[in-house]
Amino acid sequence: MNFKAILAILLCKLLRAVSRLLHRGGTAMPGRFALKVCPDLLARLSKDVKTVVITGTNGKTTSARIVEQAFREQGFDYFANRSGANLLDGVTTEFVMNCTLGGKMKKSRAVIECDEAAAVKVFPQLRPQIVVVTNLFRDQLDRYGEVTHTLGNIRTALEAVPEATVCVNADCSLCSSLALSLPNRVVYFGIEQGAVPSRAKPELSDATHCIRCKTEYEYDYITYGHLGGFRCPKCGYARRGADYAVTDVIEQRANGTTAAVSIRGEKRVVEINLPALYNVYNAIGALAASMEAGVGREEAVRALASFQCGFGRMEAFRLGKADVRMMLVKNPAGCNQVIDYLENLHNRFVLAIFLNDRGADGTDISWIWDAEFERLNALAGRIEKVIVSGDRAQDMRVRLKYAGVEDKNITVERDYETLVTSLEGLETDVCLMPTYTAMLELRSVMIRHCGGAEFWE
Ligand SMILES: [Zn+2]
């Protein structure tokens, strides 16, 4: 390390410590200053670190957490950018926080989530071992742009790192087109025909026409969005068979999935500790990445079942300017885990708790008295306000009052539509804690407000 690099590391660590003391998020800012001092700092630090990078529109965080779990199962020593700082500056901060003052990395591996637009800057410095491209969808940011522009960014980024193995979603005609022009080794993951009932036609398709010749795709089957068995009748560009394939989604439950998979030709039945089809994609993509990174088959499979999304599950939405996370609560242990999570947040946030007592929630709501809501008092400085909702909103309000939350800071709002609308104007983070039946209702309102796009991050 030269003098500039050492200075940049020192500065970054100092700024990070100060921003922590001031309870400011600040994972991006320290890296930004460090890069001003030493523009190639990340390249210097990551030189001997084997990195799995996950990019794509949806599922980055979930995929990264599964890869992490596989690394743990394998006993790999690694670090990850869990804070969600997924641009060049944030990733740089993460590396600095895992190196000595002399610039020596403390871990030999990393699991890094990377924003699609930032890939062009991050990849050439990071020189990843494995890159996962989860999928490409049009999201809010792309509304006036083209999803193909994002694809172009990723292609340019990958051109700079021809030695990286790329795991692409075989079912996404946009992602898998990367293989048409790149020199990289490409590994495919996906869901095979017949694994799930096919949809009649692509819904809200972001890729109706062939990326090569603009002819309309024909589909053998569709899983969701534009994902599935696409083929171009004119030029022959078509879905490739997946190396890591889901061959049958055997059972989908509220909290998990059982699926048959084919891992490089070997059949297995796996348990995935997450609901919903888009997480089946995250799981098979993460399985591919983990094994390509050197994790054993048994360890990688075990990770799908043992994986916890940090603290159970967590769904993320972008609502106006607010980052919203929805965290199902149904018992004291789970609720306390959510409070653990809240304690680790850096930003100010609005907390909304939705308490129902219908069949699927458990009709006995006395559990709220066993959950440690008293711990919210220590967070008072960061909680903007607390909203209570659901059939038993008043019970929840009483519980919070006993916990020491000031009544003037508690708002009761039973109407989900009004509640979600009121959140839209916020610039703080929002944490939603619904019980099960409340989550189902709330989720449909949220998805409507978010323009029909679903995220599981
Ligand atoms: Zn074509």
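User: Which helix axes come within 10 Å and cross at roughly 50°?

Analyst: In this predicted model, where local features need pLDDT of at least 70, side-chain atom pairs count only at pLDDT 80 or more, and totals for chains, interfaces and linings use all residues, they are the axes of helix α14 (residues 416-424) and helix α15 (residues 436-449). Residues are numbered from 1 along each chain as its sequence is written, and side-chain values use heavy atoms, with hydrogens and water left out.

User: Why are α14 and α15 called oblique to each other?

Analyst: Angles under 35 degrees count as roughly parallel, over 145 as roughly antiparallel, 65 to 115 as roughly perpendicular and the rest as oblique; the axes cross at roughly 50°, so α14 and α15 are oblique.

User: What makes the site of the zinc ion tetrahedral?

Analyst: The zinc ion is coordinated by C210 (SG), C213 (SG), C232 (SG) and C235 (SG), at 2.2 to 2.3 Å, where donors are N, O and S atoms within 2.8 Å of the metal (3.2 Å for Na, K and Ca). Four donors count as tetrahedral if all angles lie between 85 and 135 degrees, and the angles here are 98 to 118°, so the site is tetrahedral. Along the chain, the donors of the zinc ion have the spacing C-x2-C-x18-C-x2-C.

User: How do you know whether C210 is buried or exposed?

Analyst: Buried means under 20% relative accessible area, exposed over 50%, and partly exposed in between (1.4 Å probe, protein chains only); C210 has a relative accessible area of 1% and is therefore buried, whereas C213, at 25%, counts as partly exposed.

How values were computed: Tetrahedral: all angles 85-135°; square planar, octahedral: opposite > 155°, others 65-115°. Axes fitted to C-alpha atoms, helices over the stretch in contact; angles between N-to-C directions. Helix = DSSP H or I, 4+ residues; strand = E, 2+ residues; numbered from the N terminus.
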